[in-house]
Amino acid sequence: MLLSLLVWAALWEAVGQAKLSSIVPPFSSVVEAAIEIAPTEKFRNAAIITLRSFALGMGLALAIGIPLGVAMARLKGVGRLLGMWVNIFVSAPISALVPILMAVVGIGETTVVVTVFLFAVFVIILDTQVGVTHADRSLVEMARSFGARRHQLYTKVLLLSALPEILAGVRLGAIRGVKGVVIGQLLVAIIGVGELFELYSNHFLMEEFWALVVVVFLFAFAVSEAIAALERRVEYYAASR
Amino acid sequence: MTGISGQRAWQLASFVFFFGLWELAGRWPVSAAFPPFSTTFLALVEMLRDGSLGKAYLITAQPLGIGIALCGAAGIGFGIGMGLSRTVEWLSLPIFIILQAAPMAAIIPLLTYMYGIGLTSKVLAVIMLAAPVIVMNSYKGIRNTPPSLLQMCRSFQGTRRQEVVKIVLPHAAALIFTGLRLGLAMGFIGIVIAELLITPTGIGDLITYNSSVADYPKMFAAIASIVAVAAISLHLLERLERRLFPRD
Amino acid sequence: MTDAIVEVKGVGKVYDNGVEALRDVNLAFPEGQLSTLLGPSGCGKTTLLKIIAGLIPHNAGEVWVKGKKVDGPGPERAFVFQDFALLPWADVLRNVAFGLELRGVPRPEREEVARKYIAEVGLKGFEHRPPNQLSGGMRQRVGLARALTVDADIILMDEPFSSVDEQTRRKFQEDLLDLLRHHQKTVIFVTHSIEEAAYLSDQIALLSPRPGTVSKIVRPAVDRSRSPDEIRRDRGYLDTVDDIWHILRQYV
């Protein structure tokens, strides 16, 4: 995989050196630019704001999404009342809601946090619900036959049984959350890496622009891979179901 | 006991619950910029009647339609190539794995710079967001062919060509279609961002303009309409998908 | 005849979708014996077992266990599941100790009990394996050990050998008889195998399908002091198999 990416980097370098396109600087100058901007205050502030918005939004999405997903799976009324809306919003263009947030919440970090939350939460709800609904029925019966109390049923059987699906939801939610933080910041336009993207492209700082793109893409990939690694650790028990 | 009528009743209850909550939040009010459902609904009806909504969708549909069509043709073709050829797979799979997780919207400011504020930029925005999922699904569809089916074909002395045309492609069709549907969902996200960010046109113009003159009911109506249009078209595609490719 | 430890009186069950699974079932299960519920698929034998376990509610009649009316699970009954119902994320030791874990028994104590029963069902050395590394037969031994750890008087077994291959099944049946002779348990056993019922049971209740109801009770005259291979050639055993087949064939 790494080798294949190196081939692409070499190709990028060649296109850049040949000056085929004004928006494609050589890969080496992009790396140089990345090293150059990394220690600057501007970049560090943007990174901190962006990471904070992402973390807050994701935290909120987990704290609300997982319990809501469990409730929808276990309480028939809740599931039927909310199921349709979760299904609509899981594939709806959430980006269209950002102007509402800008009008209601104001133009600032809070809007970005809520954007991240809205991007991430629905897929987390949905996957948690699927996981808990499909939790092995005979495991639930087994726990009941040994006299499990309600909270034991949740902590010792249902949540663990749904863990593979919940983690898959969290991974998809995190990927969407990264997209949300970028889109939110681009639309709000005055904060974080969104501001930097606008700034670099408006001033035609292509090296810096691409450096930022590479950094953000790698961050998204790293987040998704980290959760995927967790998923692989719990995979063995999905197989034996 | 809970038949079709029970399902309908729950659906109705679901609508009442959501719109009721919206109405209450608007009347309470959450914010001066948060109109209740009823006001928004009236604004929607008005926009439908004076034709502004229809006109906006005609404009929005162009980059979305062109983008998805181009992306569908090229993306599916490329995905199939990735599934069939080890070399293409080795070269492009890592890139697409990264692109699938990546916030492609970040590149939109560059599009504006390169291609201006016209149709091209918006089409490209749609393509950038929709392409990864379309390519990846086509690729997975090819790759998921059960080995036993391939062995069966070989045992009857089928040629590689027959293997692809008679086994692999029909088997991949369902996943490829799913990819198109998910691609359309991403396309909706892309067109909305493009129309808000690059330059307000179509539905993005309705949102931006009404927001700037503080006509919040109309702004909400425009946003609700695009969410509804996306939800309904995706739902119809999903139903078509189930019709065409019944599972089990 | 010994006293009944479990009594089912006039039990009926209609599912939510309108299917009548059981009608007016009356049965007594003698203490310390192995009783089988036998019948074709869809005769409601598993439903009846789960009603006795208190896992599904019944619409009519009563279930009495040790002189008390019950309508939920209780510590005097333990269940062995057809699909084993092992926690895939826990090793053998934790699975076997799970019943005690739910009761709040401290860890060292419950693990000591669990180790004892793991050894008894012949799984010593496998304590820290996850279930997906075990064969079907070994998994069901884990299920059996788990039921034994909670020291219930009554063990309810729902087609415990149906997902196990034939050789394993025979060996397991023999081991089961040994274990039960040892522990003085009352066992209620669901199966669709006539041979299995005749080989294992002191009492066989034949159920007729749709709605399930008791059509006959057979008490096989098999001399259990003899070796397994002798029993399988025993006149009484073979006659019982024949008799049951003649009754059941009319339902097929």
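Two strands pair if DSSP finds at least two bridges between them. With that in hand, here are the close-ups, all taken from a predicted model.

**Figure 1. Chain C as a whole.** Let us start with the overall view. Chain C contains nine helices and 10 strands. Its C-alpha trace extends over about 50 × 45 × 35 Å along the principal axes. A compact globule of 252 residues would have a radius of gyration near 18 Å, and chain C agrees because its value is 18 Å. Of the 252 residues in chain C, 43% are buried.

**Figure 2. The open sheet of chain C.** Six strands form an open sheet in the order β6-β7-β8-β3-β9-β10 (chain C), and the pairing is mixed. At the edges are β6 and β10 (213-218) of chain C, each of which pairs on one side only. On average, neighbouring strands of this sheet are turned by 20° against each other, direction ignored. For a look inside the sheet, find strand β3 (residues 34-38) of chain C, which runs parallel to strand β9 (residues 203-208) of chain C and is joined to it by four bridges. Here C:Ser35 sits opposite C:Gln203 of β9(C). As a reminder, strands of a sheet pair through backbone hydrogen bonds, either parallel or antiparallel.

**Figure 3. Strand β7 of chain C and its neighbours.** Strand β7 (residues 154-158) of chain C is largely enclosed by the rest of the structure, because five of its five residues are buried. C:Ile154, C:Leu156 and C:Asp158 point one way from β7(C), while C:Ile155 and C:Met157 point the other way. On one pairing, β6(C) and β7(C) run parallel and share four bridges, with C:Ala78 as the bridge partner of C:Ile155 in β7(C). In another, five bridges connect β7(C) with strand β8 (residues 186-191) of chain C, again a parallel pair. There, C:Ile154 stands opposite C:Thr186 in β8(C). Follow the chain and you will find helix α6 (residues 166-183) of chain C, which makes a right-handed β-α-β unit together with β7(C) and β8(C).

**Figure 4. Where chain C meets chain A.** This contact brings together 19 residues of chain C and 17 residues of chain A. On the chain C side, helix α3 (residues 98-102) gives the most, with three residues. The residues of chain C that touch chain A divide into 15 nonpolar, two polar and two charged.

**Figure 5. Helix α7 of chain A.** In helix α7 (residues 137-145) of chain A, the buried residues are A:Leu139, A:Met142, A:Ala143, A:Arg144 and A:Ser145. What covers them includes α8 (150-188) of chain A, and also α1 (45-53), β6 (77-80) and α3 of chain C. Just after α7(A), look for A:Gly147, which takes a positive phi of about 80°.

**Figure 6. Where chain A meets chain B.** In this view, 38 residues of chain A are in contact with 44 residues of chain B. On the chain A side, at least two residues each come from α1 (2-17), α4 (76-91), α5 (98-104), α8, α9 (192-202) and α10 (206-239) of chain A. By class, that side has 30 nonpolar, five polar and three charged residues.

Conventions: Residues numbered from 1 in each chain as written. Chains lettered and ligands numbered in written order. Predicted model: local features only at pLDDT ≥ 70, side-chain atom pairs only at ≥ 80, totals over all residues. Contact = placed C-beta atoms within 7 Å. Nonpolar A, V, L, I, M, F, W, Y, C, P; charged D, E, K, R; others polar. Rg over C-alpha atoms; globule rule 2.2 N^0.38 Å. Buried ≥ 20, exposed ≤ 12 C-beta atoms within 10 Å, placed from the backbone. Right-handed = clockwise from strand over helix to strand, strands pointing away. Axes fitted to C-alpha atoms, helices over the stretch in contact; angles between N-to-C directions.
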